[in-house]
Amino acid sequence: MRMKILLNEHLPQALTHLLRDGWDIRSTQRMGWQGGENSELLQLAAA
């Protein structure tokens, strides 16, 4: 099972390349969720 990580829009996209092995990394930009509050992002990620 791979650990899932959601990066918010304030972190550099290059960080995904440093952590990619063994991790399922997505960004709020890639998911279309930029500008969301933490509670909203948690709800979206859980769905």
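In this predicted model, strand β1 makes the greatest contribution to the lining of the largest pocket, supplying 3 residues. That pocket has a volume of about 180 Å³. The protein holds 3 helices and 2 strands, which follow one another along the sequence in the pattern β-α-β-α-α. Of its 47 residues, 17% count as buried.

**Overall architecture**

- The C-alpha trace of the protein spans about 25 × 25 × 15 Å along its principal axes.
- Among contacts in the protein with a separation of 6 or more, 15% are accounted for by residues 24 or more positions apart.

**The largest pocket**

- The lining of the largest pocket consists of K4, I5, L6, D24, R26, M31, W33 and A45.
- Two elements, β1 (3-7) and β2 (23-27), each give two or more residues to this lining.
- Sorted by class, the lining of the largest pocket comprises 5 nonpolar and 3 charged residues, with no polar residues.
- Several of the lining residues, among them D24, R26 and W33, are taken up again under the topics below.

**The salt bridge**

- The structure holds 1 salt bridge.
- The partners are R26 and D24, whose closest N and O atoms are 3.3 Å apart.
- Side chains of opposite charge can pair when their charged atoms come close.
- The 3.3 Å separation between R26 and D24 counts as a salt bridge because the cut-off for such a nitrogen and oxygen pair is 4 Å.
- R26 is partly exposed, with a relative accessible area of 32%.
- D24 is likewise partly exposed, at a relative accessible area of 21%.
- Both R26 and D24 also belong to the lining of the largest pocket.

- W33 is located in the loop between α2 (28-31) and α3 (38-46).
- The relative accessible area of W33 is 18%, and this residue is therefore classed as buried, since buried means under 20%.
- Beyond its neighbours within four places in sequence, W33 is in contact with L6, T28, L41, L44 and A45.
- Of these contact partners, L6 and A45 line the largest pocket, as does W33.
- W33 lies 13 residues from R20 in sequence, and their C-alpha atoms are 20 Å apart in space.

**T28 and S27**

- T28 lies in helix α2, whereas S27 is found in strand β2.
- T28 is buried, with a relative accessible area of 1%.
- S27 also counts as buried, at 2% relative accessibility.
- A polar atom of the T28 side chain lies 3.1 Å from the backbone nitrogen of E9.
- For S27, a polar atom of the side chain is positioned 3.0 Å from the backbone nitrogen of R30.
- Leaving aside neighbours within four places in sequence, T28 is in contact with L6, L7, N8, E9, W33, Q34 and L41.
- Residues up to four places away in sequence not being counted, S27 touches L6, L7 and Q13.

- R2 is found in the segment before β1 and counts as partly exposed, at 47% relative accessibility.
- Although R2 and D24 are 22 residues apart in sequence, their C-alpha atoms are 6.1 Å apart in space.
- Apart from neighbours within four places in sequence, R2 is in contact with R20, G22, W23 and D24.
- E37 has its place in the loop between α2 and α3.
- At 57% relative accessibility, E37 counts as exposed, because exposed means over 50%.
- E37 and D24 are 13 residues apart in sequence, with a C-alpha to C-alpha distance of 21 Å.

Technical notes: Residues are numbered from 1 along each chain as its sequence is written. This is a predicted model: local features need pLDDT of at least 70, side-chain atom pairs count only at pLDDT 80 or more; totals for chains, interfaces and linings use all residues. Side-chain values use heavy atoms; hydrogens and water are left out. On a 1 Å grid over the protein atoms alone, a cavity is a set of points where a 1.4 Å probe fits but cannot get out, and a pocket is an open set with protein on both sides within 12 Å along at least five of seven lines; lining residues have an atom within 4 Å of a point. Grid points are joined across faces, edges and corners, and a volume is the space filled by probe spheres set on the points. Helices (H or I, at least four residues) and strands (E, at least two) are DSSP runs, numbered from the N terminus. Ala, Val, Leu, Ile, Met, Phe, Trp, Tyr, Cys and Pro count as nonpolar, Asp, Glu, Lys and Arg as charged, and the others, Gly among them, as polar. A salt bridge is a side-chain nitrogen of Lys or Arg within 4 Å of a carboxyl oxygen of Asp or Glu. Buried means under 20% relative accessible area, exposed over 50%, partly exposed in between (1.4 Å probe, protein chains only). Contact means heavy atoms within 4.5 Å. A polar contact is a pair of N or O atoms within 3.5 Å; within protein, one must be able to donate a hydrogen and the other to accept it, and residues adjacent in sequence count only if both atoms are side-chain atoms.
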